[in-house]
Amino acid sequence: VEDTAKASVYWKDRSIGFWYASPIEHQSMMLQLLEEVAKQENFANLSTTIQGAKNWLLLNKQTNHWQTTVATADACFALINNNSALVNNQQVRIQLGNIPVKISASQAGTGYLKSTFEGSKVTPQMGNVTITTSSSNLPPSVVQKGAISYGSLYWQYFEDFDKITASASPLSITKKLFVEKNSAAGKILTPINDNDELKVGDKVVVQLVLKTDRDMDYVHLKDTRAATMEPVNVLSAYKYQDGLGYYEATKDASTNFFFSHVRKGTYVFNYPVFITHAGKFSIGIASLQCMYAPEFMSHSNGGIVNVKKDDE
């Protein structure tokens with residue numbers, strides 16, 4: 001299967017629990033087979049497929065923990081075999097608006113570098129970041145067509161909870177609130193809009209929708225609650241739904257979900273709360289982050305909930 005968005009090649013339906021049939025070992029074996037066929041039969045048209053298979057291994061390692069030493073050893077051998085996968089002398093150019101970032105020596109092995117700007121020199125135009133790579137200084141024999149490179153950019157600032165807008169990445173999280181009411185037809189969930197008013201005693205269902213476009217290990221979802229919301233589920237426990245196991249932990253101001261492994265897809269989580277106080281409250285945000293690869297993170301937008309007094 002070819003994933004054109006990521007220029008990677010992989011084999012489907014191989015997520016088996018046995019150690020000897022792990023996806024990493026299978027991918028490594030198939031990669032070595034492709035390289036052997038290309039070398040023996042002189043199939044030049046396999047070069048794109050081979051590079052795509054290597055890309056899949058590298059992207060998988062970016063967000064996943066390889067479970068066994070056997071799988072890790074096989075993957076490392078497949079990547080460095082033929083002395084081609086880890087050649088990476090690409091020149092990186094970073095520009096903040098019209099200001100180029102001076103790139104000096106980076107940290108060995110990780111490529112990490114840091115550049116600091118004084119606050120008085122920061123302008124809004126610097127929010128337009130352009131990153132380009134070039135391999136023009138490399139000989140054609142080592143330039144990898146279709147090879148991947150990845151990095152991350154962090155933008156930090158202070159803002160009121162209710163004014164925060166949603167962010168998106170390969171991970172995304174959305175948060176919605178519903179009022180639960182009983183009717184002759186059963187329980188009804190009514191969405192809470194911006195100008196709607198609640199009252200003390202209302203039962204509200206918080207809905208969190210998690211989406212990811214790839215498998216990820218060690219993911220943390222934290223949902224901060226409004227001060228007027230008292231959770232119904234006060235005991236922390238391990239739960240399982242829709243093929244996904246997770247540990248749900250309730251805190252004073254937030255509800256946390258811990259996932260050992262999240263497969264590609266969309267997942268919906270609901271938990272109920274009761275409205276306990278009148279007033280105007282910030283509902284908080286839901287934040288989602290892959291702890292194995294912290295550059296993959298997202299958060300929902302903020303908002304306000306209005307609760308009227310009983311005599312109003």
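**Salt bridges in a predicted model**

A search across the whole structure turns up nine salt bridges (a side-chain nitrogen of Lys or Arg within 4 Å of a carboxyl oxygen of Asp or Glu). The model is predicted: local features need pLDDT of at least 70, side-chain atom pairs count only at pLDDT 80 or more, and totals for chains, interfaces and linings use all residues. Residues are numbered from 1 along each chain as its sequence is written, and side-chain values use heavy atoms, with hydrogens and water left out.

**D223 and K175**
- D223 pairs with K175 in a salt bridge whose closest N and O atoms are 2.8 Å apart.
- The partners come from distant parts of the chain, 48 residues apart: D223 sits in strand β10 (residues 216-224) and K175 in strand β6 (residues 171-183); strands are DSSP runs of E, at least two residues, numbered from the N terminus.
- D223 is buried at 0% relative accessibility, and K175 is buried at 12% (buried means under 20% relative accessible area, exposed over 50%, partly exposed in between, with a 1.4 Å probe and protein chains only).

- E180 and K203 form a salt bridge, with 3.4 Å between the closest N and O atoms.
- E180 belongs to strand β6 and K203 to strand β9 (residues 203-212), so this pair ties together parts that are 23 residues apart in sequence.
- E180 is buried at 17%, whereas K203 is partly exposed at 24%.
- A network of salt bridges links E180, K187 and K203.

**K199 and D202**
- K199 and D202 meet through their side chains in a salt bridge of 3.5 Å, N to O.
- K199 is partly exposed at 41% relative accessibility, while D202 is buried at 12%.

Terms used:
Helix = DSSP H or I, 4+ residues; strand = E, 2+ residues; numbered from the N terminus.
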